[in-house]
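I opened this model to look up its core, one of its helices and the surroundings of its ligand. My entries follow.

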Amino acid sequence: MTDPARPLRFNAFVMNTNSHIQHGQWRRPDAGQVDFENVDLWIDLARTLEEAKFDAMFFADVTGLYGDADADFEVYARHGLQIPSNDPTVLLGALAVSTTNLGLALTSNVAQNHPFNFARQVSTLDHISRGRVAWNIVTGTQDNGARNFGLPQLTDHTERYRWAEEYVDVVYKLWEGSWDDGALVKDRERGIYADASRIHKIHHEGERYRVEGPHLPAPSPQRTPLLFQAGSSESGRRFAARHAEATFIIAPSPEIARRQIEHTRQLAVEAGRRPEDITFYQGLSFIIGDTEEAAREKEAEYDRFVSNEGYLAHSALVDKTGRVYDPATPIKDIDTNTARGFLAWASQAVPDREPVVEDVALLTRSASRVVGTPEQIADELVKWQAAGVDGINVINWVLPGSFEEFAEKVLPVLRARGLAQEEYAPGPLRQKLFGSPLLNDRHPAARYRGAFSAHARTWDEAADLRSGGRLPQLT
Ligand SMILES: Cc1cc2nc3c(=O)[nH]c(=O)nc-3n(C[C@H](O)[C@H](O)[C@H](O)COP(=O)(O)O)c2cc1C
């Protein structure tokens, strides 16, 4: 069980868009997210988070529209529900130079960027931020998002994770194996900038990618960025168990979180890692009052702005014409993959009657909501920590107000109880969180360190070395 006196980790969960999770709140007069294109909003927020000693700012992202790819998308545009949305990776460059300690996590789908290019962008950001970048590895949930990259539809589930396995294999080779330590010489006297004998082509040949290398950037402070993942299916959890250092969950209760965490940690051990190699962040949103009554009043005020239509559209409970289903529709009558997951969820929540579409809206909007005084919130967080949760991804209602309020009202109470850090640990993000800037030797990426030192200039040479066991075999 987790030591109750250990500080929890805190990430700010955000997206470079107007309506991310709490749909309808953008209509509040204090909702700064309506102007999300204004970089000052993000720079000021990043500085506020750093002042409050948040561990990281975590940007979600998508590559397209939710719902039926052939249907009207009027509902999404009307709510500003993840359209318009801007690229988080580009924004992180601005945030990196505006902060010094805050971790900067970006979401990138394996389908959206070639791994050679992605690895280069991330290394560049890791250099700019002096080692504060994290990558949330996602495989997509949207047909439209897949079509934006030339695919007919979202790739089959199992295949998506096989794709992700090859993708991470390529980037690990580039980040960990292409440059030996000491390859960057910068010797003015001898006139040697970099030592080619210590820089290697990777000659990756797989089902989807053929990448020669070498990696163009020299090693960044973390080499591989801190790795996040948020898959929930069995194959998603296996992928997380193998690769993730941090996993994002939205469990409906600490008890359910405990089961999910124990299961994933067990899978990590089976994959040759240790239970503590993988950490868990629960997504929660907070409604804070000086008294419980004040918090309840505030909740009612937030609820006045809630858009059930927005929550349903985000859950892709939208028909072929692009309209969200009538709230009274029994979920069992809806024939989509998305609805099947919701049916199971809603059946647990309303076991005494037939779950309907409105139940999903009510569940999604109230799930992970914590309402109360700072002390009550601290008590609640202790329960999550006791269930094995290492940190909280704080979901916002409004930017920047939700984070300012959390920093001002809740964090001091948590700090007084030893539940939030007082100061940042030194060094890159991974060092702050795990004590070392580099991935540990148990991680699958570590096998590429020094693996390419048998030098192959051509694909033929690489094939010979591989068959002779002197270059890593494809996994
Ligand atoms: C808390 C949470 C946050 C997520 N954020 C994103 C995201 O920003 N972008 C994205 O494409 N998918 C995101 N996902 C989707 C997951 O990466 C994954 O594709 C989805 O949960 C389906 O999991 P599965 O493929 O294992 O079934 C998120 C999932 C969860 C649970």
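I count a contact when heavy atoms lie within 4.5 Å. The model is predicted, so I kept local features to pLDDT of at least 70 and side-chain atom pairs to pLDDT 80 or more, while totals for chains, interfaces and linings use all residues. I number residues from 1 along each chain as its sequence is written, and side-chain values use heavy atoms, with hydrogens and water left out.

Core. I looked up W42 and, leaving aside neighbours within four places in sequence, found it in contact with V14, M15, N16, F36, M57, F59, L91, L95 and L399. W42, F10 and F54 have the most contacts inside the largest nonpolar core, which has 88 residues. Such a core is a set of buried Ala, Val, Leu, Ile, Met, Phe, Trp, Tyr and Cys residues joined through side-chain atoms within 4.5 Å; buried means under 20% relative accessible area (1.4 Å probe, protein chains only). Helix α6 (residues 157–177) gives the largest share of this core, ten residues.

Helix α4. Helices are DSSP runs (H or I, at least four residues), and strands are E runs of at least two, numbered from the N terminus. In α4, I found P115, F118, A119, V122, S123, L125 and D126 buried. They cover an arc of only 160° around the axis (directions from the axis to the C-beta atoms), so they are on the same side of α4. The buried residues of α4 pack against α3 (88–96), β3 (103–109), β4 (133–138) and α6.

Ligand. Which residues come nearest to the ligand? I noted D61, H157, Y161, S232 and S233, of the 15 residues around it (a heavy atom within 4 Å).

Definitions and conventions. Buried < 20%, exposed > 50% of the residue type's maximum accessible area, 1.4 Å probe, protein only.
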